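Colleague: I would like to go through this model with you. Could you take my questions one at a time?

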Amino acid sequence: MRNLAEKWPAARDWTTATLNKDGLCVRTLGGLSQLLVSGDLTAWSQASGLAGEGVGAGAVASGDKYMVRIARDRVLAVGEWPFPIAAGWHEAGFAVSVVDAGLHAFEIEGPALAGLVARGTALDPGQASRSASILFAGVNVLFYRFGNPNRGRLHVDRGFAPYLWEWLEQSAAL
């Protein structure tokens with residue numbers, strides 16, 4: 001029987017993968033705690049201690065824990081350490097799902113970030129939107145800036161991470 005695994009490339013070691021080209025540095029962010037929160041976001045904010053409505057596409061997030069806005073009633077809570085809130089339905093009116101293994105996070109830094117964003121999406125790189133959910137390079141991602149305007153983060157479904165990495169390799173050279 002033919003070995004179909006031979007036609008697929010080997011899985012990338014994301015812990016060591018870096019891309020440095022023409023004013024851009026791309027790397028994987030490992031170890032982030034990522035919670036998908038749906039429902040009453042005011043109740044979530046009170047329970048978690050995270051204030052605000054979350055950052056949208058192009059907006060700047062900061063700190064060791066923050067929220068990324070997905071929809072009117074949905075955010076991605078991102079932290080460098082696990083959140084002290086259990087997964088599941090909460091009587092206050094919100095649900096929490098751990099998506100650490102489901103979303104792959106890339107950090108892209110450098111002065112060429114705005115040009116890369118312009119190539120990857122129709123989003124105006126100089127403007128922020130309320131939702132961080134955008135179509136980038138043909139796949140749905142969450143995009144926002146982190147810490148400063150020249151550093152962006154992309155959260156993508158883990159299955160699309162190899163494709164997006166390949167797109168970044170190709171586009172960073174343009």
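Modeller: At 58% relative accessibility, Asp22 counts as exposed, because the cut-off for exposed is over 50%. Keep in mind that the model is predicted.

Colleague: Where does Asp22 lie, and what is its phi?

Modeller: Asp22 is not a glycine, yet its phi is positive. The residue sits in the loop between β1 (18-21) and β2. The phi of Asp22 is about 40°.

Colleague: Is Ala137 buried or exposed?

Modeller: Ala137 is in the loop between β10 and β11. Its phi is positive, near 55°, in a residue other than glycine. The relative accessible area of Ala137 is 9%, and under 20% means buried, so Ala137 is buried.

Colleague: Which residues of α2 are buried, and what arc do they fall within?

Modeller: In α2 the buried residues are Leu113, Leu116, Val117 and Gly120. Seen down the axis of α2, they line one face of the helix, because they fall within an arc of 100°.

Colleague: What do the buried residues of α2 pack against?

Modeller: Several strands are among the partners: β2 (24-28), β9 (103-109), β10 (133-136), β11 (139-146) and β12 (148-157). The list also holds a helix, α3.

Colleague: At what angle do the axes of α2 and α3 cross?

Modeller: Leu116, Arg119 and Gly120 in α2 meet Trp167, Leu168, Ser171 and Ala172 in α3. By class, this contact has 4 nonpolar, 2 polar and 1 charged residues. The crossing is right-handed. The axes of α2 (residues 113-120) and α3 (residues 161-172) come within 11 Å and cross at roughly 120°.

Colleague: Within what arc do the buried residues of α3 fall?

Modeller: The buried residues of α3 are Ala161, Leu164, Trp165, Trp167, Leu168, Ser171 and Ala172. An α-helix has 3.6 residues a turn, so residues three or four places apart point the same way. Seen down the axis of α3, the buried residues line one face, because they fall within an arc of 160°.

Colleague: How far apart in space are Ser33 and Glu80?

Modeller: Ser33 lies in strand β3 (residues 33-39). With a relative accessible area of 7%, Ser33 is buried. Its contacts include Gly79 and Trp81. Ser33 and Glu80 are 47 residues apart in sequence, but in space, C-alpha to C-alpha, they are 6.0 Å apart.

Terms used:
Residues numbered from 1 in each chain as written. Predicted model: local features only at pLDDT ≥ 70, side-chain atom pairs only at ≥ 80, totals over all residues. Heavy atoms only, no water. Axes fitted to C-alpha atoms, helices over the stretch in contact; angles between N-to-C directions. Helix = DSSP H or I, 4+ residues; strand = E, 2+ residues; numbered from the N terminus. Left-handed = near helix turned anticlockwise from the far one by under 90°. Contact = heavy atoms within 4.5 Å. Nonpolar A, V, L, I, M, F, W, Y, C, P; charged D, E, K, R; others polar. Buried < 20%, exposed > 50% of the residue type's maximum accessible area, 1.4 Å probe, protein only. Arc of directions from axis to C-beta.
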